[in-house]
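User: I would like to learn how to read the packing of helices in a model like this one. Could you take me through it feature by feature?

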Amino acid sequence: MLTDFSRALGQLGDTRFRRVLLLGLGLTLGLLIAITLVFSWLVGWVTPDSFSLPWIGEITWVGSALSWGAVLLMFVLSIFLMVPVASAFTGIFLDDVAEAVEDRHYPGLPKVPAMGLWDTIRDSASFFGVIVVVNLLALMLFFFVGPFAPVLFWAVNGYLLGREYFQMAAMRRLGREGANRLRARHTGQIWVAGTLMAMPLSIPIVNLLIPVLGAATFTHMFHRLNTE
């Protein structure tokens, strides 16, 4: 398991790895900036330019304050959304990462047909939706588990990351049903590997590397488990 991760880490300088990382980050930042601008514009649009209050008079600064407040709110939300959104976008380019891993470490394998764009987008959107919803539910429990909140965060995200990244890697070679069967036989090991991958999610900057490292690590894990 640690060997899978170290081999993925050793290939981080690969041109195709960097391309996927930059594409994922670029699309993520573009989407979050666009959402922030639209949200700020909507707040400004529904807020009157000015209004009067008894004994106070005309107030003209509320619209600007709310617009800046909307920008600040979206900035805070983007901190939490950056990783799942980047993961979703990176999922679209998973084939590039898996292919780079296989070209270097598993030469001679037959080429696999690329997944259809619609299937890739659907799976990435599904992953994004699941990870956001589950983390929101887990967030409600953080108040009750006290000092064990980080453990809950790692366990939840570890399960999700392991499940989704292993599934994506295995589906390239085995199809959806074959990937499901292989994952079911090794659920525990995949969960542990996903948890180790989830631990750096709380480290800024480093967490942005997790989608690419996860895709590469679980490609190695798939090939190892598929030959056992």
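User: What is the handedness of the crossing of H6 and H8?

Analyst: A crossing is left-handed if the near helix is turned anticlockwise from the far one by less than a right angle, and right-handed if clockwise. In this predicted model, where local features need pLDDT of at least 70, side-chain atom pairs count only at pLDDT 80 or more, and totals for chains, interfaces and linings use all residues, the crossing of H6 and H8 is right-handed. Residues are numbered from 1 along each chain as its sequence is written, and side-chain values use heavy atoms, with hydrogens and water left out.

User: At what angle do H6 and H8 pack, and how far apart are their axes?

Analyst: Axes are lines fitted to C-alpha atoms, for helices over the stretch in contact, and angles run from 0 to 180 degrees between N-to-C directions; the helices themselves (H or I, at least four residues) are DSSP runs numbered from the N terminus, as are strands (E, at least two). Here the angle is about 45°, with the axes 8 Å apart. Angles under 35 degrees count as roughly parallel, over 145 as roughly antiparallel, 65 to 115 as roughly perpendicular and the rest as oblique, and H6 and H8 are therefore oblique to each other.

User: Which residues of H6 and H8 make the contact?

Analyst: Contact means heavy atoms within 4.5 Å. Among the residues involved are Leu-161, Tyr-165 and Phe-166 of H6, and Ala-215, Phe-218 and Met-221 of H8. The residues of this contact divide into 14 nonpolar, 5 polar and 1 charged, where Ala, Val, Leu, Ile, Met, Phe, Trp, Tyr, Cys and Pro count as nonpolar, Asp, Glu, Lys and Arg as charged, and the others, Gly among them, as polar.

User: How do H4 and H8 cross?

Analyst: Their axes come within 9 Å and cross at roughly 50°, and H4 and H8 are therefore oblique to each other, while the crossing is right-handed. Val-97 and Val-101 are among the residues of H4 that take part, and Ala-215 and Thr-219 are among those of H8.

User: Which members of the largest nonpolar core touch the most other members?

Analyst: A nonpolar core is a set of buried Ala, Val, Leu, Ile, Met, Phe, Trp, Tyr and Cys residues joined through side-chain atoms within 4.5 Å, buried meaning under 20% relative accessible area, exposed over 50% and partly exposed in between (1.4 Å probe, protein chains only). Of its 35 residues, Phe-17, Val-97, Leu-161, Phe-166, Phe-218 and Met-221 touch the most other members. Helices H2, H4, H6, H7 and H8 each supply at least two residues of this core.
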